[in-house]
Amino acid sequence: MIKVCLPAIALLAVSFTLAQAAECGPDALGVSRTLKVGTEGGLKVGWKTYPDTLPLADHEVILTFDDGPDPKTTPLVLDALKAQCVRATFFAIGRKVDAAPQLARREVVEGHNVALHTYSHPQPTLRYMPEATARADILKGAVAVERAAYGQSFPDGDPDDLGKLKLHAPFFRYTGFADTADLNAWFAKDRVAVFSVDLWASDWIPMTPEQELKLIFSRLDRARKGMLVLHDDKPWTAAMLPKFLIWLKARGYRVVEIEAGPGHGPVEKAPPGWRSETGRTIDSIRPRWVKAAARRGVRFKVKPAPQE
Ligand SMILES: [Zn+2]
């Protein structure tokens, strides 16, 4: 029997958000609306990988950050978001959350979601791990997030399944967008949504903040809307963010925040002719992964990509 103790941190987050909203003048970018995302029966969103995404109007964006929290760069990212009263979703790495729990807590207190991105960020991705090892890594990451960010305690021991955790932000992003059919089914059973993305900044490649700013807007202005992924552990992204938020406002973009809601969805279908972009990318680097797995003495087979 798992006892879950819910803390006062949720109340703290609400009161902080209200105080923050009062501080934000008309010049701040702010959040234009909240989109409730129902994860009942699972959900897979983000046109880079899936034919569904979260529905947005023209010039609406959802901001997501992966691979934090990082003691050097995440505080800068949080400062920039706070200055513009913007709220985002952080897909945090459990190992980093354990190393910097106060940053994960700060994210929640400042009104952001802290969602899941595995414990160890395994290379080369979960497709190379036996199912039980992959599940254990994801679960350990989820426990780290719930404990540090949301203040859950588990007096009878850590939960041994996702369904036994009361996830505050039941959203998961695969490392390298490399999903598997078995893990997708597990997430669906436990009402966890799988997040790919609509747009990325390619900020895993080192670049100057100016280059990154130009690159994002060239992509965003073409798409006119979408869920964007940035990496809060990259110094060029942290440096670029204050100007990026100002430019969003100047160009008429509005930020939509997400939170877990009832039911399933909503989703918007991709236009005709849609194809998974991450599937092609993953296939193209597959030979390198196979070699790397062999070097690490990994004997099990690489799991295939889901077919549907
Ligand atoms: Zn990542």
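Student: Are α7 and α8 roughly parallel or oblique to each other?
Tutor: This is a predicted model, where local features need pLDDT of at least 70, side-chain atom pairs count only at pLDDT 80 or more, and totals for chains, interfaces and linings use all residues. Residues are numbered from 1 along each chain as its sequence is written. Helix α7 (residues 209-223) packs on helix α8 (residues 235-250) at about 50 degrees, with the axes (lines fitted to C-alpha atoms over the stretch in contact; angles run 0 to 180 degrees between N-to-C directions) 8 Å apart. Under 35 degrees is roughly parallel, over 145 roughly antiparallel, 65 to 115 roughly perpendicular and the rest oblique, so α7 and α8 are oblique.

Student: And are α2 and α8 roughly parallel or oblique to each other?
Tutor: The axes of α2 and α8 come within 8 Å and cross at roughly 10 degrees. That makes α2 and α8 roughly parallel.

Student: What do the buried residues of α2 line?
Tutor: Helix α2 spans residues 74-83, and its buried residues (20 or more other C-beta atoms within 10 Å of their own) are T74, V77, L78, A80 and L81. Looking down the axis of α2, they fall within an arc (of directions from axis to C-beta atoms) of 160 degrees, so they line one face of the helix.

Student: Which elements do those buried residues of α2 pack against?
Tutor: Contact here takes C-beta atoms within 7 Å, and helices (H or I, at least four residues) and strands (E, at least two) are DSSP runs, numbered from the N terminus. The partners of α2's buried residues are β4 (60-66), α4 (101-109) and α8.

Key: Buried ≥ 20, exposed ≤ 12 C-beta atoms within 10 Å, placed from the backbone. Contact = placed C-beta atoms within 7 Å.
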